[in-house]
Amino acid sequence: MTMLRDTIEHLCASGKIEPFQRLPLTRLSSVQWDDPALGARLLPVHMDGNTDQASRGPVLRIAVENWISAVAGDLERHSVLDLYCGTGSLANCSRTRRYVGVEVNPVLADAARKLHRAGANFICDDALAYVHVANLSKVSLVLVLYECLNGLGTTAAYELLRLMNRMCSPGTWLIGDVRLRGSGWGRQCISASGCIYFAPSEADLVIDESGYTDDGVYFGHRYVALAAGAVTESVHSFIELFSADGVTELLKSTGWQPRTSQLVLSGLPTDVEECADNLFFAAIASAS
């Protein structure tokens, strides 16, 4: 740990990389999410039922589905739009009347088509681009799960939610989850690591830095690949943390009427301890 920290401090002092806590987050992520090579590395993680790192495993997934049904009614009666769906874990377990999943990575979208039942439709597209052109008038339930609003950040999340409110019919349900500020899980950490976000061909070492930025608003990881002491590649992926009140205000300001919220995963076993603090929310579209 000391050696890794000294290495990072040397790289920062020499101007090779920015200090982690002061990364310029004009882009929350420098990861190319639509890259097929990345999709190929992500796919085994999505398919591994023993981890909650990508698609949630069966214990968490069932808890989420049960909460959705308790709040919005049986999934059997819903026409579902699942944004940022990955390999479509919900489509595999639910009995939705109609299901459309939108996933930007072609490898994950193709895997989802092969995995799931007839009638589940998977679109490879950017979520915002899809919502701009799709007919959502018959959608009764929109899902924005897996902290995707955190990954978008406040400005982009506002744009997406506002557009969906205009495109959906009044009474359409919106259900998602967000990570909150100050939950106590954002410890600063430096470790040697592998990294699915890129595959450096000749890296001697990959250093994973994780934690909060100085202002406490963002949390994420920065991976630095080194070969012969030189930086060969560096990527970061951050999320913007919301306050519970901020989520409510975001929903109201984009035309959604908040109905309920809950820490659905609290106390459940998981290898992604921070997701136990996620706040799940449900809202209904009002007339625009």
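Close-up 1. V206 stands opposite A225 in β8, with helices and strands taken here as DSSP runs numbered from the N terminus (H or I for helices, at least four residues; E for strands, at least two). Strands β7 (residues 205-212) and β8 (residues 218-227) run antiparallel and are joined by 8 bridges; two strands count as paired if DSSP finds at least two bridges between them. Across the sheet they belong to, helix α1 (residues 2-13) packs and touches β6, β7, β8 and β9, its direction making about 85° with that of β7. Contact here means heavy atoms within 4.5 Å. Angles run from 0 to 180 degrees between N-to-C directions, and axes are lines fitted to C-alpha atoms, for helices over the stretch in contact.

A word on the model: it is predicted, so local features need pLDDT of at least 70 and side-chain atom pairs count only at pLDDT 80 or more, while totals for chains, interfaces and linings use all residues. Residues are numbered from 1 along each chain as its sequence is written, and side-chain values use heavy atoms, with hydrogens and water left out.

**Close-up 2. The open sheet of 4 strands.** Follow the strands in the order β6-β7-β8-β9, with antiparallel pairing. At the edges are β6 (189-192) and β9 (230-240), each pairing on one side only. From one strand to the next, the twist averages 15°.

**Close-up 3. The open sheet of 7 strands.** Here the order is β3-β2-β1-β4-β5-β11-β10, and the pairing is mixed. Because β3 (120-124) and β10 (256-262) stand at the edges with a single partner strand each, one side of each is left without a neighbour in the sheet. The twist averages 20° from one strand to the next. Look also for strand β1 (residues 79-83), which runs parallel to β4 and is joined to it by 3 bridges. In this pair, D82 stands opposite L143 in β4.

**Close-up 4. Helix α9 between a sheet and a helix.** On the sheet, α9 lies across β5 (173-178), β10 and β11 (279-285), running at about 150° to β10. Helix α8 (residues 154-167) packs with helix α9 (residues 244-253) at an angle of about 40°, their axes 9 Å apart. That makes α8 oblique to α9, since angles under 35 degrees count as roughly parallel, over 145 as roughly antiparallel, 65 to 115 as roughly perpendicular and the rest as oblique. Where they touch, T154, A157, Y158 and L161 in α8 meet L250, L251 and S253 in α9. The residues of this contact divide into 5 nonpolar, 2 polar and no charged (Ala, Val, Leu, Ile, Met, Phe, Trp, Tyr, Cys and Pro count as nonpolar, Asp, Glu, Lys and Arg as charged, and the others, Gly among them, as polar).

**Close-up 5. The packing of α2 with α5.** α2 and helix α5 (residues 106-115) pack at about 45°, with their axes 7 Å apart. The two are therefore oblique to each other. From α2 come P36, G39, A40, L42, L43, H46 and M47, and from α5 come P106, V107, L108, A111 and L115. This contact of α2 with α5 holds 10 nonpolar, 2 polar and no charged residues.

**Close-up 6. A salt bridge between R56 and E147.** Their side chains meet at 2.5 Å, N to O; a salt bridge is a side-chain nitrogen of Lys or Arg within 4 Å of a carboxyl oxygen of Asp or Glu. The pair links distant parts of the chain, 91 residues apart: R56 lies in the loop between α2 (36-47) and α3 (58-72), and E147 in the loop between β4 (141-144) and α7 (148-152). A search of the whole structure finds 4 salt bridges.
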